[in-house]
Amino acid sequence: MIHDADAPAIAVADLSATYDGHPAIVEVSFEVAAGERLAIVGPNGAGKSTLLRALAGLHPPSSGSVRVHGHAPQGHICIAYVPQQSTVDWRFPVTVADVVSMGRIGRVGPLSRLRADDREIVRRALAEVELDGFAERRIEALSGGERQRMFVARALAQESEIVLMDEPFAGLDVHSREEVINVLDGLRSHDVTLLVALHDLGLASAHFDKILLLKGRALGFGSPNDILTEAALQRAYGSCLRMVRGEDGVLVVHDTACSGGRSERPGGTS
Amino acid sequence: MNVLEWIVAPLRYPFMVRSLIAAVLVGGLSAVVGSYVVLRSMAFLGDALAHAVLPGVAAGYLIAGQGGRRSLFWWALGTAIAVALGIETISQRTRIKEDTAIGIVFAGAFALGIALISTVRGFATDLVHVLFGNVLGVSNGDLILIGAFGGAVLLVVFLLYKEFLVVSFDPTLAVTLRLPTTFYRILLLILVAVTVVVSLQTVGLGLMLAMLITPATTAYLVTRRLPRMMTVGALLGIVSGIVGLYLSFYFGLASGAAIVLVAITLFSIVVILRPGVARLRRSLHR
C-alpha cells in the first residue's frame, strides 16, 4: 500500500475498544511521527495490550479510528507486532532462522519458497541483533533477551516501518534488558517507528521520545519530562510515587511511608 | 524358518501385499498431517473426527446396503468434512470453547451413528470394519483411493508449508502479514478429516488417533525442526505399519491393534532412552 507522505506514521482518534465485553480503552487519541519512539505505560489492565493489538489491526475498535500512514491498519504489512512472550509456544520445533524467515512470507507470496535474497535479508537481520551464531538453534533454548532480539530480527526481515512490542522487558535480567535496549536503539538507523508497552518508567523516560500514560483513558501524552510527574503517576497508579531525576532519566520509587497508597508498583530504574 | 523366509512368506499372499502398501501409505500420511495435529493441540479434534464419521458411514450403509461398500468411503469423507466445518463454525461464532464444541459435535454424531446402526438387521460386517479397521481386506480400488487422496493431502501440505507453519506457530503474525488465516485453518481441518477417512480401513476409527499422534509425537522428541519431525514421523509410521502387519500375520493379532502397539512401543523406547542419549551426547561434546 502506498503511504500518504503527509500523514503521521500512526494517528489514533477517539479510539475505544472492549476486551471480553468490558471497555479496555476509551476515547484514546494521539499521533506518532515516522521514526519516533513511543512508550505506552500504565498499570496492569490499563489497556496497553488492547491498544497495541488495535493498532496492528488484530483487535477491532468499537469506535474511533486508527490510521497508519494515512490508511486503515488492515491494509499494511509494514507493521510488525511482537506479542508477550507468554503467548508464544516455545516448544514448537522451529529454529531461530525459521522464525525470522517467517517475516518474509508476506513479501514472498503463496506457493513460493524463500529465494536467495530473502535468505540474505534474514541473515542480515540476525546479524543486526547479534544472533548470527544462533540461526540453527531451537527457540526453546534461547534466553528471554535472545527471544526478544529474535522477534526484532523478524521485524527487520519483514521490512517493517512500525514495530509494536508488548512488554518486551518482562522477566528479563539487567544484562538481557540492556541487550534488548541496544537492539531497539539500533532500530533508529532504520527509521523504524517504535511503540512499546512497558512497566519500567525509568526506561520509558531514558529511551523514548514520547510517553502515553494510559489507564483505560489517555491520562497524558507528550515528552517524558511533561508526562512523568508525580501528580500524573498518582492518578495512573493510585500509589504514592516519588521521582528522582538523573542525567539518564528518572528513578521512580514507591513511597511506603506515604498514606493512601496502593500496592501497584511500576518498575523504576534508569 | 530363516529371517529372509520369515519376511518373504507373507508377500506370497496378494492380500498381504495390498495391506502392506496401505499400511505404508497410511503410516506416512498420518504422521505428516499428525505433526500439525500434535503441534496445534488438535488431538481431541482428530479423535472426534474419526468417531464422528460413524453416522455418515451408517447412513451410507443403510442407503446403499451391503453391496455399496465403496460408497461408504464417500459418506465418511462427506461426514468428516461437514463435522470439521461444524466444529469450526460453533467455536468461532459462539462463546463456546473449541474443545467443548468438539465434545458436543463428536458425542452427538457418535450417538447418531450408534442409533442408525441399531436399526440394521443382522450383523453389519462393513460397519465393524469401520470401527476396528480391516487392513487385510483392502482392495486395489481402496489402494487407489488412499493413494489419490493421500497424495493430494501431502501435495497441499508441501505447497503450503510456510503458510501452515506461520498459522500454527504464530497466528497473530499470520494476521499482521494479511494471510487468509481462517482459510488456512479450515483447510488444515479438512486435510485432517481426509487423512482420518483414508486411514479408517487400516486401523479403524477407535484407534485412528494413535496413528495421527503417536509417530508424530515420537518424532517430535528426537527432532529440532518441523520438516525433520514430519519425515521421521512418517518413517516411524511406516515402520509401525509394516512391523504391525507382520505381527498380525504371524501371531494372529488384530492388524490395526498390532500397528498401533508397535507405534506405542517405539514411542516408549524413545521416552525411556532419550534422557540417557541426551546425557551421552552432552558428555561427548564436552
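Reader: What percentage of the 270 residues of chain A count as buried?

Author: This is a predicted model, and in it 46% of the 270 residues of chain A count as buried. The label rests on a count: 20 or more other C-beta atoms must lie within 10 Å of a residue's own. The secondary structure of chain A comes to nine helices and 11 strands.

Reader: How do you know that the span of helix α6 of chain A agrees with a helix?

Author: Set the value against the rule. At 1.5 Å a residue, the 13 residues of α6(A), residues 174-186, should span 18 Å, and the end C-alpha atoms are 18 Å apart, so the two agree.

Reader: What makes the buried residues of α6(A) line one face of the helix?

Author: Seen down the axis of α6(A), the buried residues fall within an arc of 160 degrees, so they line one face. These buried residues are Arg177(A), Glu179(A), Val180(A), Val183(A) and Leu184(A). They pack against α5 (144-157) and β7 (193-197) of chain A. On the other side of α6(A), the exposed residues are Val174(A), His175(A), Glu178(A), Asn182(A) and Asp185(A). Exposed here takes 12 or fewer C-beta neighbours by the count used for burial.

Reader: What makes you call α5(A) mostly covered?

Author: In α5(A), 12 of the 14 residues are buried. Among them are Arg147(A), Met150(A), Phe151(A) and Leu156(A). The cover over these buried residues includes β5, α2, α4 (116-128), β6 (162-166) and α6 of chain A. As for the span, α5(A) reaches 20 Å from its first C-alpha to its last, close to the 20 Å expected at 1.5 Å a residue. Just after α5(A), Glu159(A) takes a positive phi of about 55 degrees.

Reader: In which sense do strands β1 and β2 of chain A pair, and over how many bridges?

Author: β1(A), residues 10-19, and β2(A), residues 22-32, pair in the antiparallel sense over seven bridges. Two bridges are enough to call strands paired, so the seven found here meet that cut-off. Ala17(A) has Ile25(A) as its bridge partner in β2(A), and Val12(A) stands opposite Phe30(A).

Reader: How many residues lie between β1(A) and β2(A) in the hairpin?

Author: There are two residues between the strands of this hairpin, and Asp20(A) in the turn has a positive phi of about 55 degrees. β1(A) also pairs with β4(A), residues 63-68, in the antiparallel sense over five bridges. In that pairing, Ile10(A) stands opposite Val68(A).

Reader: How many residues does each chain bring to the contact between chains A and B?

Author: Chain A brings 20 residues and chain B brings 19. On the side of chain A that touches chain B, the elements giving two or more residues are β5 (79-82), α2 (96-102) and α3 (105-108). β5(A) gives the most, with three residues. By type, that side of chain A divides into 14 nonpolar, three polar and three charged residues.

Reader: Which residues have the most contacts inside the largest nonpolar core?

Author: That core has 172 residues, and those with the most contacts inside it are Leu164(A), Leu49(B), Ala80(B), Val192(B) and Val197(B). Helix α2 of chain B, residues 14-39, supplies the largest share, 13 residues. Among the residues that Ala80(B) touches are Leu49(B), Val53(B) and Val197(B).

Technical notes: Residues numbered from 1 in each chain as written. Chains lettered and ligands numbered in written order. Predicted model: local features only at pLDDT ≥ 70, side-chain atom pairs only at ≥ 80, totals over all residues. Helix = DSSP H or I, 4+ residues; strand = E, 2+ residues; numbered from the N terminus. Expected span 1.5 Å × (residues − 1). Arc of directions from axis to C-beta. Contact = placed C-beta atoms within 7 Å. Nonpolar A, V, L, I, M, F, W, Y, C, P; charged D, E, K, R; others polar. Core = buried A, V, L, I, M, F, W, Y, C linked by C-beta atoms within 7 Å. Lists of a residue's contacts leave out its neighbours within four places in sequence.
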